[in-house]
Amino acid sequence: MSDTETPKKLNRREIAGITAAATAMAALGATPAQGAQGRMLAALAHCEAALEELKRANSNKGGHRKTAMEHLRYVISQIKEGIDHAKG
């Protein structure tokens, strides 16, 4: 799967979990100096860090590590598109 290819369709619980995690991470990492995109940039940084951690994990955990990485790549692409969209 490429970085921008959409992974399997997420169910509502998975979407809610990803959204909650990204929101919480953004709230913890945003600073006023980051301007209008502060929360999006913070969420992007946290998701990229999470992806790097998963890349370093020892095994695939029954396919769940790979799926999580696919979802994070999709989330990262969506955050980047949102940032670009806000720029105009």
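Visitor: Arg56 and Glu53, buried or exposed?

Guide: Both Arg56 and Glu53 are exposed, meaning over 50% relative accessible area, where under 20% is buried and in between is partly exposed (1.4 Å probe, protein chains only). This is a predicted model, in which local features need pLDDT of at least 70 and side-chain atom pairs count only at pLDDT 80 or more, while totals for chains, interfaces and linings use all residues. Residues are numbered from 1 along each chain as its sequence is written, and side-chain values use heavy atoms, with hydrogens and water left out.

Visitor: What do the side chains of Arg56 and Glu53 form?

Guide: A salt bridge, at 3.3 Å from N to O. The term stands for a side-chain nitrogen of Lys or Arg within 4 Å of a carboxyl oxygen of Asp or Glu. Arg56 and Glu53 both lie in helix α2, three residues apart, about one turn of the helix. Helices are DSSP runs (H or I, at least four residues), numbered from the N terminus.

Visitor: How many salt bridges by that rule?

Guide: Three. Another one joins Glu52 and Lys55 at 3.2 Å, N to O. Glu52 and Lys55 are also three residues apart in helix α2, so about one helical turn separates them. Glu52 is partly exposed at 33% relative accessibility, and Lys55 is partly exposed at 39%.

Visitor: Which residue does Lys80 pair with?

Guide: Glu48, in a salt bridge of 4.0 Å, N to O. Lys80 is in helix α3 (residues 64-87) and Glu48 in helix α2 (residues 38-56), so this pair ties together parts 32 residues apart in sequence. Lys80 has a relative accessible area of 41% and Glu48 one of 32%, and each is partly exposed.

Visitor: Switching to packing. What is the angle between α2 and α3?

Guide: About 160°, with the axes 9 Å apart. Axes are lines fitted to C-alpha atoms, for helices over the stretch in contact, and angles run from 0 to 180 degrees between N-to-C directions. α2 and α3 are therefore roughly antiparallel, a label for angles over 145 degrees.

Visitor: And which residues of α2 and α3 meet?

Guide: Leu44, Cys47, Glu48 and Leu51 are among those in α2, and Leu72, Ile76, Ile79 and Lys80 are among those in α3. Contact means heavy atoms within 4.5 Å. The residues of this contact divide into 15 nonpolar, one polar and five charged. Nonpolar covers Ala, Val, Leu, Ile, Met, Phe, Trp, Tyr, Cys and Pro, charged covers Asp, Glu, Lys and Arg, and the others, Gly among them, are polar.

Definitions and conventions:
Helices (H or I, at least four residues) and strands (E, at least two) are DSSP runs, numbered from the N terminus. Angles under 35 degrees count as roughly parallel, over 145 as roughly antiparallel, 65 to 115 as roughly perpendicular and the rest as oblique.
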